[in-house]
There are 2 protein chains.
Amino acid sequence: MPDIALPEGLPGITGAFAFRPETAKPMRELPEVLLRGPSSLTSAEREMIAAFMSTRNDCYFCQTSHPAAAHHAGADYGLVDAVRFDYPSAAVSAKFKTLLAIAGKVQQGGKQVTPEDTQRARQEGATDLEIHDTVLIAAAFCMYNRYVDGLATYSPDNPEMYDKMGAVMAHEGYLKPAADTAVRA
Amino acid sequence: MPDIALPEGLPGITGAFAFRPETAKPMRELPEVLLRGPSSLTSAEREMIAAFMSTRNDCYFCQTSHPAAAHHAGADYGLVDAVRFDYPSAAVSAKFKTLLAIAGKVQQGGKQVTPEDTQRARQEGATDLEIHDTVLIAAAFCMYNRYVDGLATYSPDNPEMYDKMGAVMAHEGYLKPAADTAVRA
């Protein structure tokens with residue numbers, strides 16, 4: 001049960017967004033650019049970084065919804081789970097693994113990222129923009145995960161609801177209250 | 001020295017913002033609303049929460065610039081430092097201390113915030129919106145601090161530059177590249 005009077009029945013971050021539309025606006029725009037905007041990383045890869053971070057930060061709502069978004073963006077649930085729980089063994093590129101290593105460092109703190117981490121990513125073909133976006137996705141989910149859990153938002157436990165919400169996130173994006181639509185449909 | 005090719009000479013987050021204007025836009029809008037928008041918390045109080053979080057996250061650029069912003073928003077450096085380093089002894093209200101306690105929990109992780117923490121804040125007169133905004137400021141600085149340090153952005157060490165930047169942040173806000181102006185003046 002939320003610690004403050006969030007609107008009832010809205011799952012996870014959408015309840016907090018409805019409570020405070022002024023801050024919701026930029027907080028919806030950031031993932032729209034970062035996870036769905038033009039990029040040499042696929043949306044599935046970027047959603048997998050979001051899922052990985054949310055798993056490391058142990059945020060139930062985000063570590064359930066973003067894997068669904070990654071799945072509907074073109075990864076599949078098995079691959080997403082491999083990335084979430086044991087990325088060095090996952091069937092993803094060497095470059096993507098170096099980016100996940102950077103994301104894992106960011107979870108611990110920005111200063112944990114070393115020039116060697118960046119160098120390894122560059123050696124595997126990562127561009128500066130890909131490295132930048134990885135750091136920012138990782139940092140952003142250190143915000144979103146804390147926001148969702150710090151307010152004790154409502155986390156439904158129906159897996160089908162998350163799958164449906166992930167489809168809306170992947171195909172319609174973050175700008176409109178997509179998840180509300182999904183959970184109320 | 002930044003790990004990726006950020007524009008030279010721009011301090012801290014402004015270099016990262018110049019590198020990626022698409023993500024900078026919502027990332028500038030969020031603090032504009034959260035730290036400077038209409039609120040029953042003063043801007044000085046909100047900047048002190050930002051300074052406190054940046055100190056806990058040990059981000060040099062942010063823990064130097066946001067105290068300056070708090071100072072120019074109406075606190076003074078002595079009070080800001082008391083809040084940063086030993087808030088239970090600081091000359092701030094009992095209500096504000098309960099909000100700082102919540103922010104400190106958010107730094108550790110969203111799940112660290114308990115219903116008792118929220119209840120204590122409410123008993124001291126905090127509104128749901130104040131509690132919400134405290135959680136979000138704290139969460140947001142877990143993003144900004146990691147972004148600044150994860151990219152190893154340029155951190156000048158000239159205290160006067162930070163004081164000048166803080167004045168611009170407090171009086172002109174976050175929407176335009178204020179700090180660039182300050183450091184280049």
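Lys25(A) and Glu29(A) both lie in helix α2 of chain A, residues 21-36, where they stand four residues apart, about one turn of the helix; helices here are DSSP runs of H or I with at least four residues, numbered from the N terminus. Their side chains meet in a salt bridge with an N to O distance of 3.1 Å, the term meaning a side-chain nitrogen of Lys or Arg within 4 Å of a carboxyl oxygen of Asp or Glu. Glu29(A) is buried at a relative accessible area of 16%, whereas Lys25(A) is partly exposed at 43%; buried means under 20% relative accessible area, exposed over 50%, and partly exposed in between, with a 1.4 Å probe and protein chains only.

This is a predicted model, in which local features need pLDDT of at least 70 and side-chain atom pairs count only at pLDDT 80 or more, while totals for chains, interfaces and linings use all residues. Residues are numbered from 1 along each chain as its sequence is written, chains are lettered from A and ligands numbered from 1 in the order in which they are written, and side-chain values use heavy atoms, with hydrogens and water left out.

In chain B, Glu29(B) and Lys25(B) likewise lie in helix α2, four residues apart, and their side chains form a salt bridge of 3.1 Å, N to O. Glu29(B) counts as buried at 16% relative accessibility, and Lys25(B) is partly exposed at 44%. Between the chains, Glu29(A) meets Lys25(B) in a further salt bridge, with N and O 3.3 Å apart.

The interface can now be taken as a whole. In it, 46 residues of chain B are in contact with 46 residues of chain A, contact meaning heavy atoms within 4.5 Å. The two chains bury about 3,600 Å² between them, 64% of it on carbon and sulfur atoms; buried area is the accessible area (1.4 Å probe) that two parts lose on being put together, summed over both. Six salt bridges are counted between chain B and chain A. On the side of chain B that touches chain A, the elements giving two or more residues are α1 (13-19), α2 (21-36), α6 (94-108), α7 (115-123) and α8 (128-150), and α8(B) gives the most, with 15 residues.

How are the two chains related? Chain B can be laid on chain A with an RMSD of 0.0 Å by a turn of 180 degrees and a shift of 0.0 Å along the axis, the copies being superposed by least squares on the C-alpha atoms of residues with pLDDT of at least 70 in both. That is the relation of a two-fold axis, and in chain B the C-alpha nearest this axis belongs to Pro26(B), 2.3 Å from it. Because 100% of the interface residues of chain B are also interface residues in chain A, the copies meet through the same surface.

Two further residues of chain B show buried positions. Cys59(B), in the loop between α3 (43-56) and α4 (60-72), counts as buried at 0% relative accessibility; leaving aside residues up to four places away in sequence, Cys59(B) touches Lys111(A) as well as Ser54(B), Asn145(B), Val148(B) and Asp149(B). Glu130(B), found in helix α8 of chain B, is buried at 3% relative accessibility.
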